[in-house]
Amino acid sequence: MAQLWGGRFTKETDKLVYNFNASISFDQKFFRQDIEGSMAHVKMLAKQSILSENEKNQILLGLESILTDAENGKLTITDEYEDIHSFVEANLIDRVGDVGKKLHTGRSRNDQVALDMKLYTRHEIIEIKELLKNLLDSILKIMEQNIDTYMPGFTHLQKAQPITLAHHMGAYFEMFKRDRQRLEDIYNRMNYCPLGSGALAGTTYPLDRDYTAQLLDFNGPTLNSMDSVADRDYIIELLSALSTIMMHLSRFSEEVILWNSNEYHFVEIDDAYSTGSSIMPQKKNPDIAELVRGKTGRVYGALMSILTTMKGIPLAYNKDMQEDKELTFDAIDTVKGCVALFTGMLSTLKFNKDIMKTSAMKGFTNATDAADYLVNRGVPFRDAHGIIGKLVLYCIEKDKALDELSLDELKSINPVFEQDIFEAISLETCVNKRITIGAPGPDAMKEVIQIYKEYLRF
């Protein structure tokens, strides 16, 4: 078909070049945003008397009919058109005649695509934030139910100190809370309207950019027309935030995978989120967690791709920037799918609480508290550290936990130990006496849970 920009050219574009240049195969994803932006533009043109009221109404009716027909399948977006803008404008002209040719007055495809991408990104940020809120709700429910569920806390993947499942889950609540906050920051920073910037230098038409921004729920218009069409910082920021979300999901997935193994057996994954082996009938594989972990690299790749694309582009618009769409669309879809599936898996996990508690007891997680017991009885910390180290070695040789030793065995290592050592190093005491905000003690956890409930109200 004839191109919207064909007047300058004396021969048609080579078919391979046309296909290579075209973006309709992927930018059709924001056809709603393209029509929404066009409607706002037309209303502004009429307000400024650049279009008559009759022309405005004809164009708006045409755009509404295109949107309705495309949404209900009566109108198919095909590769007959170079991009979504050409599709909308060509169909508008078919429906309303020559008045449709006035749609593009005071506008370039450069500021048009910048607007479409912002509108689409803005909408997707809201959806991802809601998905993260659902995940946070699931985490909070687990926290509320497991304030007294004891388990080992780890450093270097080795048992370190006793904590609770609520405390462990709280760490992920903090991560995903920050992820939501990052998305809010990106939304607020990007929420300025580029429409009216033209190709790069604005336009001679008396546009009311403030009015257009208001119609489209932006905070205001962008303040430099060159930057407006050349800016993809918000895409880079979004992909960075999505990469961080995936990193957090991947860490969480790794723990679920470990906890699901026979060696840990801390959790049982629901059958709906597991698969079996084609040859080994005993297997129940944590496929969702593994796929989430695997798809993290896919989102990282999108971030590195756009950074590489943008690093050498001079002002203002260049065709390279068309590469922002496919990778961003894919990253958004990947993150939305991963968050939703992970939330479903997490909400159906069964926790083997007795096994988790036994693991904490067998892992010498109370060794630090045993050292503190000696310090409180006048033993210098460095000496206490060495004494407990010997006790741990003794326990390993005897295949016992610290609180399974007799008082005589303890005194054989150091005579300072008395009967109250057993209460001092019980899991309950080790956890409950950690009372500062942010610690796993029950009172501290209840306070944090209340703060989280308040946060999720908004």
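Me: In this predicted model, is the crossing of H6 and H7 left-handed or right-handed?

Reply: In this predicted model, the axes of H6 and helix H7, which spans residues 165-190, come within 9 Å and cross at roughly 165°. An angle over 145 degrees counts as roughly antiparallel, and H6 and H7 are therefore roughly antiparallel to each other. The contact of H6 with H7 divides into 20 nonpolar, two polar and eight charged residues. As for its hand, the crossing of H6 and H7 is left-handed.

Me: How are H6 and H10 oriented to each other, roughly parallel or roughly antiparallel?

Reply: H6 and helix H10, residues 233-260, have axes 11 Å apart and pack at an angle of about 20°, and the crossing of H6 and H10 is left-handed. Because angles under 35 degrees count as roughly parallel, the description that applies to H6 and H10 is roughly parallel.

Me: Which residues of H10 make the contact with H6, and which residues of H6 do they meet?

Reply: The crossing of H6 and H10 is left-handed. By class, the contact of H6 with H10 has 14 nonpolar, one polar and one charged residues. From H6 the contact draws on Ala114, Met117, Lys118, Thr121, Ile125, Ile128, Leu132, Leu135 and Ile139, and from H10 on Tyr234, Ile235, Leu238, Leu242, Ile245, Leu249 and Phe252.

Me: At what angle do H5 and H6 pack, and how are the residues of their contact divided by class?

Reply: Helix H5 covers residues 84-96 and helix H6 covers residues 109-145, and their axes lie 11 Å apart at an angle of about 105°. Angles of 65 to 115 degrees count as roughly perpendicular, so H5 and H6 are roughly perpendicular to each other. In the contact itself, Ile84, His85 and Ser86 of H5 meet Arg109, Gln112, Val113 and Asp116 of H6. By class, this contact of H5 with H6 has two nonpolar, three polar and two charged residues.

Me: Is arginine 122 buried or exposed, and which residues is it in contact with beyond its neighbours in sequence?

Reply: Arginine 122 lies in helix H6, and with a relative accessible area of 8% it is buried. Asparagine 191 is 69 residues away from arginine 122 in sequence, yet the two are 7.8 Å apart in space, C-alpha to C-alpha. Leaving aside neighbours within four places in sequence, arginine 122 is in contact with Tyr187, Met190, Asn191, Leu216, Asp217 and Phe218.

Me: What is the phi of aspartate 217, and where does this residue lie?

Reply: Aspartate 217 is among the residues in contact with arginine 122, and its place is in the loop between helix H8 (209-215) and helix H9 (225-230). Aspartate 217 is exposed, with a relative accessible area of 53%. Its phi is positive in a residue other than glycine, with a value near 65°.

Me: What is the phi of histidine 156?

Reply: Histidine 156 lies in the loop between strand E1 (150-155) and strand E2 (158-164), and it is exposed, with a relative accessible area of 73%. Although histidine 156 is not a glycine, its phi is positive, at about 55°.

Me: Which helices are included in what covers the buried residues of H14?

Reply: Helix H14 spans residues 367-375, and its buried residues are Ala367, Asp369, Ala370, Ala371, Tyr373 and Leu374. What covers these buried residues includes helix H15 (381-398), helix H17 (421-424) and helix H18 (427-432).

Methods. Residues numbered from 1 in each chain as written. Predicted model: local features only at pLDDT ≥ 70, side-chain atom pairs only at ≥ 80, totals over all residues. Heavy atoms only, no water. Axes fitted to C-alpha atoms, helices over the stretch in contact; angles between N-to-C directions. Helix = DSSP H or I, 4+ residues; strand = E, 2+ residues; numbered from the N terminus. Contact = heavy atoms within 4.5 Å. Nonpolar A, V, L, I, M, F, W, Y, C, P; charged D, E, K, R; others polar. Left-handed = near helix turned anticlockwise from the far one by under 90°. Buried < 20%, exposed > 50% of the residue type's maximum accessible area, 1.4 Å probe, protein only.
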